[in-house]
Amino acid sequence: MAVCVAVIAKENYPLYIRSIPTENELKFHYMVHTSLDVVDEKISAMGKALVDQRELYLGLLYPTEDYKVYGYVTNSKVKFVMVVDSSNTALRDNEIRSMFRKLHNSYTDVMCNPFYNPGDRIQSRR
């Protein structure tokens with residue numbers, strides 16, 4: 001189960017951050033912010049190596065004692081970061097990929113909205 005989901009703009013400012021336990025919200029903001037350095041390292045390493053450019057999933061960025069942080073980057077360099085509770089050992093890599101694909105599809109729906117100004121914070125009623 002994802003405990004925090006973040007959408008980060010190309011310029012590294014948050015478009016959307018939502019965490020489930022709201023009492024630790026600042027902790028999750030910090031985790032997302034610190035994971036951006038790892039995302040940048042992985043993106044620059046992918047640019048140097050001859051890898052499939054269609055692979056958007058970055059995998060496990062870093063584990064902590066209680067959580068695991070995963071990353072995903074779009075073709076337009078928008079980053080998705082997901083923090084997952086590490087006690088859930090049944091969660092596989094394919095399930096994380098499918099969650100990121102669903103998040104990417106939702107982000108695409110937001111961007112296709114004619115009333116959304118690109119770069120504004122994403123507001124969700126859910």
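Author: Helices and strands here are DSSP runs, numbered from the N terminus. Helices need at least four residues, strands at least two. The model is predicted. Now take Ala90, which lies in the loop between E5 and H2.

Reader: Why is Ala90 called exposed?

Author: Exposed means over 50% relative accessible area. Ala90 has 55%, so it counts as exposed.

Reader: How far is Ala90 from Val7 in sequence and in space?

Author: They are 83 residues apart in sequence. In space, C-alpha to C-alpha, they are 25 Å apart.

Reader: What makes Cys4 buried or exposed?

Author: Its relative accessibility is 0%. Buried means under 20%, so Cys4 is buried.

Reader: And Cys112, buried or exposed?

Author: Cys112 has a relative accessible area of 59%. The cut-off for exposed is over 50%, so Cys112 is exposed.

Reader: How many disulfides are there?

Author: The count is zero. A disulfide needs two cysteine sulfur atoms within 2.5 Å.

Reader: How many aromatic pairs does the model hold?

Author: Five. Take Phe28 and Tyr67 as one case.

Reader: Why is the pair of Phe28 and Tyr67 called edge-to-face?

Author: Check two values. The ring centres are 5.2 Å apart, and the limit for a pair is 6.5 Å. The planes stand at 75°, and over 60 degrees counts as edge-to-face.

Reader: How do you know whether Phe28 and Tyr67 are buried or exposed?

Author: Phe28 has 0% relative accessibility. Tyr67 has 11%. Buried means under 20%, so Phe28 is buried and so is Tyr67.

Reader: What kind of pair do Phe80 and Tyr107 form?

Author: An edge-to-face one, with 5.6 Å centre to centre and 75° between the planes. Phe80 sits in strand E5 (residues 79-85) and Tyr107 in helix H2 (residues 93-111), so the pair ties together parts 27 residues apart in sequence. Both Phe80 and Tyr107 are buried.

Reader: Which residues do ring pairs link into a cluster?

Author: Tyr57, Tyr72, Phe80, Phe100 and Tyr107.

Reader: Which residues of H2 are buried?

Author: Ile96, Phe100, Leu103, His104 and Tyr107.

Reader: What lies on the face of H2 turned away from its buried side?

Author: That face carries the exposed residues Asn94, Lys102 and Asp109.

Reader: What do the buried residues of H2 pack against?

Author: They pack against strands E1 (2-8), E2 (14-19), E3 (57-63), E4 and E5.

Reader: Why is E4 called largely enclosed?

Author: Six of its seven residues are buried, so the rest of the structure largely encloses E4.

Reader: What makes E3 and E4 a pair of strands?

Author: Pairing needs at least two bridges. E3 and E4 have five, and they run antiparallel. Pro63 stands opposite Lys68 in E4. A hairpin of three residues joins the two strands.

Reader: How many bridges do E4 and E5 have?

Author: Seven, in the antiparallel sense. Val69 has Val83 in E5 as its bridge partner. The hairpin has five residues between the strands, and in it Lys77 takes a positive phi near 65°.

Reader: What makes E1 mostly covered?

Author: Seven of its seven residues are buried.

Reader: Which strands does E1 pair with?

Author: Six bridges join E1 to E5, antiparallel. There Val5 stands opposite Met82. E1 also pairs with E2, again antiparallel, over five bridges. Cys4 has Ser19 in E2 as its bridge partner. In the hairpin of E1 and E2, Asn12 takes a positive phi near 70°.

Conventions. Residues are numbered from 1 along each chain as its sequence is written. This is a predicted model: local features need pLDDT of at least 70, side-chain atom pairs count only at pLDDT 80 or more; totals for chains, interfaces and linings use all residues. Side-chain values use heavy atoms; hydrogens and water are left out. Buried means under 20% relative accessible area, exposed over 50%, partly exposed in between (1.4 Å probe, protein chains only). Rings of Phe, Tyr and Trp (its six-membered ring) pair if their centres lie within 6.5 Å; planes under 30 degrees apart count as stacked, over 60 as edge-to-face and the rest as tilted. Contact means heavy atoms within 4.5 Å.
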